[in-house]
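Please open the model in your viewer and keep the selection tool at hand. We will go from stop to stop, with something to select at each one.

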Amino acid sequence: SLSLSLSHSQGTENLDRTEYEYARLVEVLASDARADWASMQSILMRMRSDLNELQSSTVQLLEAYFQGSLGKKALVGCGTGEQGQAAQPMQWQVGNVEVDESGYSPQSGAKLQVIDLEDADWENFAHGVAELAKRQERSGRNDFEKYMEWEARNGPYDLFIDAANVAFYGQNYVGGGFNWRQVKRMVAKVDKAHPDKKLLVMVHKRRTMDPEAKTPEVQAFLEGLRRRKAFYYTPMGSNDDWYWMYAAVRAKHKGLLVSNDELRDHIWGMLRPKHFLKWKARHIAQYRFAKFDDVGEPSLIYPPAYTSCVQQLDNGAWMFPCWEPEPADAAQQADSAPGSHGDHGSSVSGRGDVHAGESGHGQGSGGGQQKERGKAPGGGPPVTKGAHGAAQQAVSAPAESGGRVRWLCARPVPAPSAP
């Protein structure tokens with residue numbers, strides 16, 4: 001029944017609804033004449049918190065609802081008119097709209113906002129990461145608890161470098177490997193871009209034992225980080241991903257991770273999707289190295305200036321992001337294009353993912369991996385100020401090779417006067 005479906009959705013705060021379940025709820029509301037607007041509004045607000053981009057089938061259901069007779073219930077009693085005159089009736093204007101790099105939509109007349117986790121979600125997220133990390137440790141060890149104590153004593157941190165990911169960037173060639181010079185240049189880059197943030201560089205202990213790490217240059221670099229309390233190595237047998245994830249989540253809204261890791265490993269499937277996907281969309285800065293010399297200067301690619309999720313704008317309009325995969329033939333052409341498989345780091349798709357056994361990603365540093373939904377593209381758009389306060393490469397939507405985001409808008413407008 002309708003009431004049972006809604007109570008199931010609204011009364012289980014610790015259970016995340018899937019998009020399929022939300023779509024079925026929208027379907028129920030759209031077909032039941034007893035349904036009121038408050039019920040649909042509640043579902044839309046939950047979708048805003050729990051989901052990012054939607055499938056086309058879900059957006060079609062929402063479009064049909066706003067265009068139908070039941071959608072008009074939301075506008076009963078609303079309207080505009082001169083004082084002392086009856087208000088002019090309103091209707092929904094439904095259609096696809098454009099969104100620029102700042103999140104502004106000219107057709108809808110308002111701007112998309114940053115939608116992040118709620119305060120209670122951050123605490124639950126950090127607790128979940130810590131529990132899973134401790135569960136993954138070898139029996140009888142308490143390495144992660146020691147790290148939690150260290151982080152609490154020396155933090156809070158709000159800027160993090162996944163050192164292994166940076167070091168392996170573009171190293172998919174004979175003789176390539178863990179490159180400490182790339183880590184050093186990335187530290188210099190983020191120090192300059194974010195002087196107000198407290199940095200933490202993380203790497204697996206085995207990397208501090210490599211021959212290159214014993215050179216005077218690297219030893220001086222690491223000692224400088226240690227004096228700043230800006231360096232932590234994860235012990236043997238531990239997965240360093242859990243360590244930077246915990247600290248990044250503890251940073252809440254201010255946290256920013258520098259990494260090209262697409263976070264597809266199975267371990268992330270153990271986290272609540274509501275927490276993980278929202279965090280991933282807002283708190284990762286990707287990077288690339290310009291190969292003008294043997295290492296190159298890094299540039300950062302920040303998250304978009306808005307969140308690609310269901311939103312109600314300041315003017316009452318509702319915005320729905322629809323993920324549209326790229327046609328198979330176009331994807332194949334892009335995959336075979338020059339540079340699409342990386343050229344030792346000259347493009348973002350050069351990746352630099354960590355070798356198996358270090359963080360468990362196991363993809364080496366190959367450049368041909370498909371980009372994940374929500375990933376900022378590597379070139380083209382202008383530079384703007386982003387949510388983390390530094391110049392960022394702007395994107396009109398969190399698009400990627402392999403697809404794009406289409407925005408559907410349902411905007412309340414005055415209905416035409418009867419002749």
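Predicted model: local features only at pLDDT ≥ 70, side-chain atom pairs only at ≥ 80, totals over all residues.

Residues are numbered from 1 along each chain as its sequence is written, and side-chain values use heavy atoms, with hydrogens and water left out.

**Stop 1**

Helix and strand names follow DSSP runs numbered from the N terminus, with helices being H or I of at least four residues and strands E of at least two. Two strands pair if DSSP finds at least two bridges between them.

Start with the open sheet of six strands, ordered β6-β5-β4-β7-β8-β9 with mixed pairing. Select β6 (231-234) and β9 (297-301) to see its edges: each has a single partner strand, so one side of each is left without a neighbour in the sheet. From one strand to the next, the twist averages 25 degrees. (Axes are lines fitted to C-alpha atoms, for helices over the stretch in contact, and angles run from 0 to 180 degrees between N-to-C directions.)

Which residue of β9 stands opposite Arg288? Look for Ser299.

Now show helix α10 (residues 240-250). This helix lies across β4 (159-162), β5 (199-204), β6 and β7 (256-258), and runs at about 165 degrees to β5.

**Stop 2: the four-stranded sheet**

Move on to the open sheet with the order β1-β14-β11-β10, where the pairing is antiparallel. At its edges stand β1 (90-97) and β10 (311-312); each has a single partner strand, so one side of each lacks a neighbour in the sheet. β10 pairs with strand β11 (residues 318-325) through two bridges, in the antiparallel sense. Pick Gln312 and you will find Trp318 of β11 opposite.

Helix α3 (residues 37-50) packs on this sheet, touching β10 and β11, and its direction makes about 50 degrees with that of β11. Then bring up α4, which lies across β1, β11 and β14 (403-414) and runs at about 150 degrees to β11.

**Stop 3: Thr58**

Stay with helix α4 (residues 56-67) and select Thr58 within it. Is Thr58 buried or exposed? Its relative accessibility is 3%, so Thr58 counts as buried. (Buried means under 20% relative accessible area, exposed over 50%, and partly exposed in between, using a 1.4 Å probe and protein chains only.) Leaving aside neighbours within four places in sequence, Thr58 is in contact with Glu19, Ala23 and Met47, where contact means heavy atoms within 4.5 Å.

**Stop 4: charged pairs**

Side chains of opposite charge can pair when their charged atoms come close. Here a salt bridge is a side-chain nitrogen of Lys or Arg within 4 Å of a carboxyl oxygen of Asp or Glu, and the count comes to 17.

- Select Arg17 and Glu21, whose side chains meet in a salt bridge at 3.4 Å, N to O. Arg17 is buried at 8% relative accessibility, whereas Glu21 is partly exposed at 28%.
- Go to Arg34 and Asp32, a salt bridge at 2.7 Å, N to O. Arg34 is exposed at 66% relative accessibility, but Asp32 is buried at 12%.
- Find Lys184 and Glu217, with their closest N and O atoms 3.5 Å apart in a salt bridge. This pair links distant parts of the chain, 33 residues apart: Lys184 is in helix α8 (residues 180-193) and Glu217 in helix α9 (residues 216-227). Lys184 is partly exposed at 36%, and Glu217 is partly exposed at 42%.
- Show Arg46, Asp50, Asp121 and Lys274 together: salt bridges that share partners join them into one network.

**Stop 5: aromatic rings**

The structure holds 23 aromatic pairs. Rings of Phe, Tyr and Trp (its six-membered ring) pair if their centres lie within 6.5 Å; planes under 30 degrees apart count as stacked, over 60 as edge-to-face and the rest as tilted.

Select Tyr65 and Phe66, an edge-to-face pair at 5.5 Å centre to centre with 90 degrees between the planes. Both Tyr65 and Phe66 are buried. Then show Phe144, Tyr147, Trp150, Tyr157, Tyr232, Tyr243 and Tyr246, which ring pairs link into a cluster.

(A charge sits over a ring if NZ of Lys or CZ of Arg is within 6 Å of the ring centre and within 35 degrees of the ring normal.) Finish at Tyr20, where Arg24 lies over the face of the ring at 4.7 Å from the ring centre.
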